[in-house]
Amino acid sequence: MRNRHLLLFLSFLLAAFLAAGCAKRQLTKSETDQLDAVGAKIAKAEQMGAKECAPRELAVAKAEFDHARHEAFENWEKAQPYVKKADQAADALLEKTRPCWEAKQPKPAPVPAAAPVSPPPTPAPAPAPMEEAMKFENIRFDFDKSFIREDAKPILVAAAAYLKKSKDARVLIEGHCDERGTSEYNMALGDRRAHSAKKYLVGLGVEESRLSTISYGKERPLDPGHDEEAWAKNRRAVFVPR
Amino acid sequence: MKRPWVVLSAAFLSAGLVAGCATANSVKSAQASFEKAKAAGAEAKAPYEYYAAEAYLNQANHETNEGDNQQAAVFAKESETYSAKAIEKAGGGAK
């Protein structure tokens with residue numbers, strides 16, 4: 001009898017010990033904002049072509065960012081040097097990427113010296129702020145998987161940062177799959193992918209009510225090809241402003 | 001009376017050893033994959049993947065030194081994934 005009580009007590013002790021080890025703290029708004037700011041810099045650099053322009057800096061910034069995030073969930077005070085390091089890495093990344101990106105931009109055509117006088121062209125209407133800002137890359141998934149990959153995280157962090165600033169913005173998250181497998185299976189997989197992206201955004205502080213999901217399964221491929229390159233593009237989640 | 005203590009101690013010890021060995025193995029495996037990527041010339045042929053493998057391997061080593069084996073294994077796995085991509089892009093590894 002005594003042995004049974006002892007065993008029970010020790011089992012509880014073990015469970016409590018394991019639970020304490022796995023527990024993660026919640027980030028405050030200010031902490032989330034600081035991390036988001038770093039993530040947004042990395043996402044911006046990626047959109048400017050950092051993968052080609054500054055591959056080493058991009059890789060280092062991403063790894064430092066992941067490390068800082070991990071430490072932040074453990075202990076914010078102890079994470080400070082890592083957050084700072086990630087921020088510096090993101091700054092270095094942007095600094096290296098910007099001139100390369102600028103060099104790739106099309107140059108304006110030279111204006112002829114004696115051009116006839118004509119009324120200035122009407123400027124094109126500026127895009128709505130929402131449309132302008134909501135140009136997030138699609139996020140991609142591994143074959144038959146719906147977990148958020150490392151390369152998708154900066155994109156989601158940037159999306160979350162934007163959505164937290166623009167309180168009226170709402171987003172439809174579309175889940176897509178490649179052509180392999182049955183329609184029914186892919187419809188469910190696309191749903192899991194869309195929900196996975198939504199869950200990640202909610203985890204970053206975006207209100208769940210502003211995010212809706214839909215699955216198109218394998219019905220709307222981005223690339224009509226039948227090889228791995230096409231399939232990789234088609235296994236995606238797309239963010240559509242509403 | 002002594003038996004539950006013995007069983008529990010053995011279980012704790014085994015779990016600790018298994019977890020520790022698994023982490024050490026995953027970091028070693030990541031290091032080996034990175035060496036393969038290096039030998040395949042991935043630094044020039046797949047620079048982003050190569051540097052990402054290196055950066056996550058550094059993070060895995062850092063976490064091992066800090067005693068966070070769980071996170072070390074996460075970073076090691078990430079490094080290994082990038083090494084595999086780098087090797088694939090570089091043309092299949094060292095021959």
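Guide: Helices (H or I, at least four residues) and strands (E, at least two) are DSSP runs, numbered from the N terminus. In chain B the elements run α-α-α-α from the N terminus on, that is, four helices and zero strands.
Visitor: Is this an experiment or a prediction?
Guide: This is a predicted model: local features need pLDDT of at least 70, side-chain atom pairs count only at pLDDT 80 or more, and totals for chains, interfaces and linings use all residues. Residues are numbered from 1 along each chain as its sequence is written, with chains lettered from A and ligands numbered from 1 in the order in which they are written.
Visitor: How many helices and strands does chain A have?
Guide: Chain A has nine helices and four strands. Along the sequence the pattern is α-α-α-α-α-α-β-α-β-α-β-α-β.
Visitor: What share of each chain is buried?
Guide: In chain A, 33% of the 242 residues are buried; in chain B, 40% of the 95 residues are. A residue is buried if 20 or more other C-beta atoms lie within 10 Å of its own, exposed if 12 or fewer, and partly exposed in between, with C-beta atoms placed from the backbone.
Visitor: OK, helices. Which ones does H2(A) pack with?
Guide: One of them is H4(A): H2 (residues 29–47) and H4 (residues 55–74) of chain A have axes that come within 11 Å and cross at roughly 165 degrees. That makes H2(A) roughly antiparallel to H4(A). Axes are lines fitted to C-alpha atoms, for helices over the stretch in contact, and angles run from 0 to 180 degrees between N-to-C directions. Angles under 35 degrees count as roughly parallel, over 145 as roughly antiparallel, 65 to 115 as roughly perpendicular and the rest as oblique.
Visitor: Which residues of H2(A) and H4(A) meet?
Guide: Among them are A:Leu35, A:Val38 and A:Ile42 on the H2(A) side, and A:Leu58, A:Phe65 and A:Ala68 on the H4(A) side. By class, the contact of H2(A) with H4(A) has nine nonpolar, one polar and four charged residues. Contact here means C-beta atoms, placed from the backbone, within 7 Å. Ala, Val, Leu, Ile, Met, Phe, Trp, Tyr, Cys and Pro count as nonpolar, Asp, Glu, Lys and Arg as charged, and the others, Gly among them, as polar.
Visitor: And how is H2(A) placed against H7(A)?
Guide: H2(A) and H7(A) pack at about 120 degrees, with axes 8 Å apart. The residues of that contact divide into nine nonpolar, one polar and two charged.
Visitor: Back to H4(A). How many of its residues are buried?
Guide: 14 of the 20 residues of H4(A) are buried, so H4(A) is largely enclosed by the rest of the structure.
Visitor: What about H8(A)?
Guide: Helix H8 (residues 183–203) of chain A has 21 residues and reaches 30 Å from first C-alpha to last, close to the 30 Å expected at 1.5 Å a residue. The expected span is 1.5 Å times one less than the number of residues. Buried residues of H8(A) include A:Leu189, A:Arg193 and A:Tyr200. The partners of the buried residues of H8(A) include strand E2 (171–176) and strand E3 (211–217) of chain A.
Visitor: Which residue just after H8(A) has a positive phi?
Guide: A:Gly205, at about 105 degrees. A:Asp144 also has a positive phi, near 60 degrees, in a residue other than glycine.
Visitor: Where is A:Asp144?
Guide: A:Asp144 is in the loop between E1 and H7 of chain A. A:Asp144 is partly exposed, with 13 other C-beta atoms within 10 Å.

Key. Contact = placed C-beta atoms within 7 Å.
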